[in-house]
Amino acid sequence: MAFFEQIGKKISDAGQGAAQQAKIFSEVAKLNSSISDKEKKINQLYISIGQAYYQQHKDEEGAFAQDKMQEITALTAEIAKCRDEICQVKGISKCPQCGGEVPRGSAFCSSCGAKVPQASEQGDAAAQEEHTCPNCHAHVSQGDQFCIQCGTKIETPKAPEA
């Protein structure tokens, strides 16, 4: 019987050791998670400080990191241009009130109910009519020689001779 008692004691000790290791592992994981959360918050604060500095000094000559601020300004303009192109491709415009997506030709925003100006949309429609495939009427970028939808050759209008 002593043999079985010794085995039982060893199993009990091993179980207690495993439970202790699991408790340590759990506590370490909890602390590492807390550290990670705090590091993320610090990084957000760094970003916030950088954005505030940029807003305050972007137009100053000789400001600290002026080259990087000019690059940010250029990239911001490129992002705005890409967003405008996305709106054109999707056939939408942005609501001037809430920024929601509004199908072209809509008089009112479906998100906030604000009136959508029509003048800019008419200009967009006229510009799109100038650059459509004569076969399938898909939008064709200026300078394209073939339609990407149906493959039709795009004839570029000839400038009137003076």
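1. Basis. The model is predicted; local features need pLDDT of at least 70, side-chain atom pairs count only at pLDDT 80 or more, and totals for chains, interfaces and linings use all residues. Residues are numbered from 1 along each chain as its sequence is written, and side-chain values use heavy atoms, with hydrogens and water left out.

2. Secondary structure. Three helices and two strands make up the secondary structure of the chain. Helices (H or I, at least four residues) and strands (E, at least two) are DSSP runs, numbered from the N terminus. Their order along the sequence is α-α-β-β-α.

3. Burial and surface. The chain has 162 residues, of which 13% count as buried. Buried means under 20% relative accessible area, exposed means over 50%, and partly exposed lies in between (1.4 Å probe, protein chains only). The accessible surface of the chain is about 13300 Å², and carbon and sulfur atoms hold 57% of that surface. Accessible areas come from the Shrake-Rupley method with a 1.4 Å probe; for residues, only the protein chains shown count as cover.

4. Contacts. Among contacts in the chain with a separation of 6 or more, 3% are between residues 24 or more positions apart. Contact here means heavy atoms within 4.5 Å.

5. Helix 2. This helix covers residues 66-90, 25 residues in number, and should span 36 Å at 1.5 Å a residue; its end C-alpha atoms are 36 Å apart, which agrees. The expected span is 1.5 Å times one less than the number of residues. Gln-66, Met-69 and Cys-87 are buried in helix 2. The cover over the buried residues of helix 2 includes helix 1 (2-57) and strand 1 (92-94). Gly-91 follows helix 2 and has a positive phi, near 75°.

6. Cysteines. How many disulfides does the structure hold? The structure holds zero disulfides, a disulfide being a pair of cysteine sulfur atoms within 2.5 Å. Cys-95 is in no disulfide, and its nearest cysteine sulfur, that of Cys-112, is 3.7 Å away. Cys-95 counts as buried because its relative accessibility is 3%. Cys-82 has 45% relative accessibility and therefore counts as partly exposed.

7. Lys-9 and Asp-13 are four residues apart in helix 1, so about one helical turn separates them. Lys-9 is exposed, at 54% relative accessible area, while Asp-13 is partly exposed, at 39%. The side chains of Glu-27 and Lys-30 also meet in a salt bridge, at 3.9 Å, N to O. Glu-27 and Lys-30 lie three residues apart in helix 1, so they too are separated by about one helical turn. Glu-27 counts as partly exposed at 40% relative accessibility, and Lys-30 counts as exposed at 54%.

8. Salt-bridge network. Lys-94 and Glu-101 form a salt bridge whose closest N and O atoms are 4.0 Å apart. Salt bridges that share partners join Lys-90, Lys-94 and Glu-101 into one network. Lys-94 is partly exposed, with 44% relative accessible area, and Glu-101 counts as partly exposed at 41% relative accessibility.
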